[in-house]
Amino acid sequence: QVQLVESGGGLVQPGGSLRLSCTASGEIFIMYVMEWYRQAPGKERELVARVTSSGNTDYLESVKGRFTISRDNAKNTVYLQMNSLEPEDAAVYYCHAGRQTPGGLREFWGQGTQVTVSS
């Protein structure tokens, strides 16, 4: 089992910044691809950013150049630095850990942290 605990959400004005953190415990963190998803009211959950065990990253097109995902394997923590926030970025942000095993995908979700972008 992997437990994921997120923090860092809150209320920010348009153009502001937030940094989300997700700390994992329970299994070997480095084995997992770490991702941030978000879900706004009435919308599907969408993948925002991904960082692999080796540090390769991918981003949702609309956040490229504004968001940065990173991981600190020594601290079992993944971060999402969000700059130039827009009202459209408001959502509940979820941390996700996943890895392929012979038995299939092993994955875990955090409880979510609310990000509100409003003046």
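Reader: Which strand holds Arg 19?
Author: The model is predicted: local features need pLDDT of at least 70, side-chain atom pairs count only at pLDDT 80 or more, and totals for chains, interfaces and linings use all residues. Residues are numbered from 1 along each chain as its sequence is written, and side-chain values use heavy atoms, with hydrogens and water left out. Strands are DSSP runs of E, at least two residues, and helices are runs of H or I, at least four residues, both numbered from the N terminus. On these terms, Arg 19 lies in strand 3.

Reader: Is Arg 19 buried, partly exposed or exposed?
Author: Buried means under 20% relative accessible area, exposed means over 50%, and partly exposed lies in between (1.4 Å probe, protein chains only). The relative accessible area of Arg 19 is 47%. So Arg 19 is partly exposed.

Reader: Which residues does Arg 19 touch, leaving out those up to four places away in sequence?
Author: A contact means heavy atoms within 4.5 Å. With sequence neighbours left out, the contacts of Arg 19 are Ser 7, Gly 8, Tyr 79, Leu 80 and Gln 81.

Reader: How far apart in space are Arg 19 and Glu 61?
Author: Along the sequence, Arg 19 and Glu 61 are 42 residues apart. From C-alpha to C-alpha, the distance is 19 Å.

Reader: Ser 21 is also in strand 3. Is Ser 21 buried or exposed?
Author: The relative accessibility of Ser 21 is 13%. Among the contacts of Ser 21 are Trp 36, Val 78 and Tyr 79. With that accessibility, Ser 21 counts as buried.

Reader: How many helices and strands does the protein chain have?
Author: Read from the N terminus, the elements run β-β-β-β-β-β-β-β-β-β-β. The count is 0 helices and 11 strands.

Reader: What is the radius of gyration of the chain, and what does the globule rule give?
Author: The radius is taken over C-alpha atoms, and the rule is 2.2 Å times the number of residues to the power 0.38. The chain has 119 residues and is as compact as a globular protein of that length, because its radius is close to what the rule gives. Both values are 14 Å.

Reader: What share of the residues counts as buried?
Author: The C-alpha trace spans about 45 × 30 × 25 Å along its principal axes. The chain has 119 residues, and the share that counts as buried is 39%.

Reader: Which residues touch the most other members of the largest nonpolar core?
Author: In soluble globular proteins, nonpolar side chains tend to be buried together. A nonpolar core is a set of buried Ala, Val, Leu, Ile, Met, Phe, Trp, Tyr and Cys residues joined through side-chain atoms within 4.5 Å. The largest here has 29 residues, and those that touch the most other members are Leu 4, Met 34, Trp 36, Val 78, Leu 80, Met 82 and Tyr 93.

Reader: Which strands each supply at least two residues of this core?
Author: Strand 3 (18-25) and strand 4 (33-39) are among them. The others are strand 5 (46-51), strand 7 (67-72), strand 8 (77-82), strand 9 (91-101) and strand 11 (113-117).

Reader: Met 34 is one of those core residues. What is its relative accessible area?
Author: Met 34 lies in strand 4. The contacts of Met 34 include Leu 4, Cys 22, Phe 29, Ile 69 and Cys 95. Met 34 is buried, with a relative accessible area of 1%.

Reader: Where does Asn 76 lie?
Author: Asn 76 is not a glycine, yet its phi is positive, about 55 degrees. At 24% relative accessibility, Asn 76 counts as partly exposed. Its place is the loop between strand 7 and strand 8.

Reader: What is phi of Ser 84 near?
Author: Ser 84 lies in the loop between strand 8 and strand 9. Ser 84 is partly exposed, with a relative accessible area of 40%. Its phi is positive in a residue other than glycine, near 50 degrees.
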